[in-house]
Amino acid sequence: MTSTNAHYYGCLQQAQQMATAAGDAASASAYAAQAPAFGQTVNTLLYNAQAGMYSASTTQPAVFDEIGNGYALLYGLPALDPSIDPTTLAASLTRALAGPKGPCESSAATPDGNIAPREVGWEVLGRLATGQAQGALDLIRQVWGLMLPQNTPTTAVAAGSMRCPAFSG
């Protein structure tokens, strides 16, 4: 799965940073060597150049999920392959997952008007990490803006995979 593998790639990078901070140069060096090779394997196996984004898995090459592609952007997987453009990836994801109230969780999901802030959050962070602040802001306005009732000074949104009912306004 792209989400698991992209997240593991990010964990290798973070393990290198922690080992460096702890003064463990040998472990930091080992993590630094593992991350690019693993990331390149992920790109080879899961990036679907025809679709312009990462497939959900090798067994589902025509299914694309928001979390996996969000993690790929966030952790910098496209930077390992000059043929993968993060802006194109984000635009492809937007088109593939478009729903009536914001992105769906995956291209296999049926848009039902639900809002998925947790899933969108990874894409927002990925867009910010790749210098796509306007795209991140657009997603925030599209998804989180629907959860704020008109003229309400505050809001409380539960963490996790909370779902809001379809927006009626």
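Trainee: Which span does α2 reach from its first C-alpha to its last, and what is expected at 1.5 Å a residue?

Mentor: The expected span of a helix is 1.5 Å times one less than its number of residues. For α2, with 22 residues, the distance from first to last C-alpha is 31 Å, close to the 32 Å expected. This is a predicted model, in which local features need pLDDT of at least 70 and side-chain atom pairs count only at pLDDT 80 or more, while totals for chains, interfaces and linings use all residues. Residues are numbered from 1 along each chain as its sequence is written, and side-chain values use heavy atoms, with hydrogens and water left out.

Trainee: How many helices and strands are in the protein chain?

Mentor: Helices (H or I, at least four residues) and strands (E, at least two) are DSSP runs, numbered from the N terminus. The protein chain has six helices and two strands, in the sequence pattern α-α-β-β-α-α-α-α.

Trainee: Which residues of α2 are buried?

Mentor: A residue is buried under 20% relative accessible area, exposed over 50% and partly exposed in between (1.4 Å probe, protein chains only). The general idea is that an α-helix has 3.6 residues a turn, so residues three or four places apart point the same way. In α2, Ala-28, Ala-35, Gly-39, Val-42, Asn-43 and Leu-46 are buried. They cover an arc of only 95° around the axis, taken from the directions from the helix axis to the C-beta atoms, and therefore lie on the same side of α2. The face turned away from that buried side carries the exposed residues Ala-26, Ala-33, Thr-44 and Leu-45.

Trainee: What covers the buried residues of α2?

Mentor: The cover is read from contacts, meaning heavy atoms within 4.5 Å. For α2 it includes α1, β1 (47-48) and β2.

Trainee: Where is Met-1 placed, and what does Met-1 touch?

Mentor: Met-1 is in the segment before α1 and is exposed, with a relative accessible area of 57%. Not counting residues up to four places away in sequence, Met-1 touches Leu-46, Ala-56 and Ser-57. Met-1 and Gly-68 are 67 residues apart in sequence and 7.6 Å apart in space, C-alpha to C-alpha.

Trainee: Which residues touch the most other members of the largest nonpolar core?

Mentor: In soluble globular proteins, nonpolar side chains tend to be buried together. A nonpolar core is a set of buried Ala, Val, Leu, Ile, Met, Phe, Trp, Tyr and Cys residues joined through side-chain atoms within 4.5 Å. In the largest core, of 20 residues, Tyr-54, Leu-77 and Leu-89 touch the most other members. At least two residues of this core come from each of α1, α2, β2, α3 and α4 (86-96), and α3 supplies the largest share, five residues. Apart from this core lies another, of five residues, including Val-120, Ala-136, Leu-139 and Val-143.

Trainee: Which residues of α6 are buried?

Mentor: In helix α6 (residues 133-143), the buried residues are Gly-135, Ala-136, Leu-139 and Val-143. They fall within an arc of 100° seen down the axis, so they line one face of α6.

Trainee: How many aromatic pairs does a search of the whole structure find?

Mentor: A pair of aromatic rings is described by the distance of the centres and the angle of the planes. Rings of Phe, Tyr and Trp (its six-membered ring) pair if their centres lie within 6.5 Å; planes under 30 degrees apart count as stacked, over 60 as edge-to-face and the rest as tilted. The search finds three pairs. The rings of Tyr-8 and Phe-38 have centres 4.9 Å apart and planes at 75°, so this pair is edge-to-face. Tyr-8 lies in helix α1 and Phe-38 in helix α2, 30 residues apart. Tyr-47 and Tyr-54 also form an edge-to-face pair, 5.1 Å centre to centre with 70° between the planes. Tyr-47 is buried at 17% relative accessible area, and Tyr-54 is buried at 0%.
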